[in-house]
Amino acid sequence: MTWEEFQSNFLDFEGRINRLPFFWKPIAVGLIISCLLMLCDMVLPHSIMDILFRIAPILNVIINASFIVRRCHDIELNSWWALLMLVPLVNFVFYLYLLFKEGTPGYNAYGPNPLD
């Protein structure tokens, strides 16, 4: 995977993402980051691991924020709606809404339908 592919799949805040990738990509990212941290913990000294353990959650939040924003775009919501994920209890309900709400069919203001 090239840097451009990684950036367009995981770090892009524009465009749309449908329900299935919205469900499995954050799980895959979390598993990959966890496995990499475990492997690095066996090899690298603790001073470096302290830094990695502080960077990894930030990277995970940025990647997951891009998924949430693109899912909001798929159902024609503004990116600001993603801030609801910061409100306790509301974030759970909003996540379920994003997970089960069908995306806008066809082209919308944020781009073409990801299923087409």
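**Exercise 1.** State in which helix His73 lies and whether His73 counts as buried or exposed.

*Solution.* His73 belongs to helix H3, helices being DSSP runs of H or I with at least four residues, numbered from the N terminus. The model is predicted: local features need pLDDT of at least 70 and side-chain atom pairs pLDDT 80 or more, while totals for chains, interfaces and linings use all residues. Residues are numbered from 1 along each chain as its sequence is written, and side-chain values use heavy atoms, without hydrogens and water. His73 counts as buried because its relative accessibility is 4%, and buried means under 20% relative accessible area (1.4 Å probe, protein chains only).

**Exercise 2.** Identify the residues with which His73 is in contact, leaving aside neighbours within four places in sequence.

*Solution.* Contact means heavy atoms within 4.5 Å. The partners of His73 are Phe13, Glu14, Gly15, Arg16, Ser79, Asn108 and Tyr110. For Gly15, the backbone oxygen lies 3.0 Å from a polar atom of the His73 side chain.

**Exercise 3.** Determine which residues line the second largest pocket.

*Solution.* A pocket is an open set of points on a 1 Å grid over the protein atoms alone where a 1.4 Å probe fits, with protein on both sides within 12 Å along at least five of seven lines; lining residues have an atom within 4 Å of a point. The lining consists of Phe13, Val61, Ala65, Ile68, Val69, Ser79, Trp80, Ala82, Leu83, Met85 and Leu86. Phe13 and Ser79 are also among the contacts of His73.

Notes: Helices (H or I, at least four residues) and strands (E, at least two) are DSSP runs, numbered from the N terminus. Buried means under 20% relative accessible area, exposed over 50%, partly exposed in between (1.4 Å probe, protein chains only). A polar contact is a pair of N or O atoms within 3.5 Å; within protein, one must be able to donate a hydrogen and the other to accept it, and residues adjacent in sequence count only if both atoms are side-chain atoms.
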